[in-house]
Amino acid sequence: ILAAAICVLAFGVVIFWNEYWNVPRLVYGVLPTYVVKEQHVNGLVVENRGHKTAHKVLIRVTDLDQPIESYTIKTNEQITAKEGDEHNIAIWLDRIVPGASVTLATWLRPLQVVTLFASMAVPWAAYWRICCPRESYP
């Protein structure tokens, strides 16, 4: 019985290590929208809060309601490729090590702001997709 309990405990430790502890954990936060010189500035921060490096990461911003005038990317990681048009941005990275982050800031062309209940303004909406891993780059 003691040997069986030790085997079950060892198996549980292996499962915990491989599935929960020793894995990358990509989390993101959407930065608040600011109006600077009649432009809407917004951003996204992606961090690896896990204990292992995330490989072949794709960060994609799609279907923006307002056209993107420009964007900047700040990271210590090497960017493999990036592409974008007026409503979409895609960033490919080979890896994001634990504790590293990627910050994307976008400057959007001003359009009419949609006001809800006279107290909440929604100048644009976006779908943020973070995919890991990605099998191949375009």
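E77 counts as buried, at 10% relative accessibility, where buried means under 20% relative accessible area, exposed over 50%, and partly exposed in between (1.4 Å probe, protein chains only). This is a predicted model, in which local features need pLDDT of at least 70 and side-chain atom pairs count only at pLDDT 80 or more, while totals for chains, interfaces and linings use all residues. Residues are numbered from 1 along each chain as its sequence is written, and side-chain values use heavy atoms, with hydrogens and water left out.

**Salt bridges**

- The structure holds 2 salt bridges, a salt bridge being a side-chain nitrogen of Lys or Arg within 4 Å of a carboxyl oxygen of Asp or Glu.
- One of them joins E77 to R95, at 3.8 Å from N to O.
- This pair links distant parts of the chain, 18 residues apart, with E77 in the loop between β4 (68-75) and β5 (79-84) and R95 in strand β6 (residues 89-96); strands (E, at least two residues) and helices (H or I, at least four) are DSSP runs numbered from the N terminus.
- R95 is partly exposed, with a relative accessible area of 42%.
- E47 and R49 also form a salt bridge, their closest N and O atoms lying 2.9 Å apart; E47 is partly exposed at 26%, and R49 is partly exposed at 48%.

**Nonpolar surface**

- F11, I15, F16, W17, Y20 and W21 form a nonpolar patch on the surface, with about 700 Å² of accessible area together (Shrake-Rupley method, 1.4 Å probe).
- Patch residues have over 30% relative accessible area and no salt bridge, and nonpolar side chains (Val, Leu, Ile, Met, Phe, Trp, Tyr) are joined within 5 Å, like charges within 9 Å.
- W21 is found in helix α1 (residues 2-21) and counts as partly exposed, at 38% relative accessibility.
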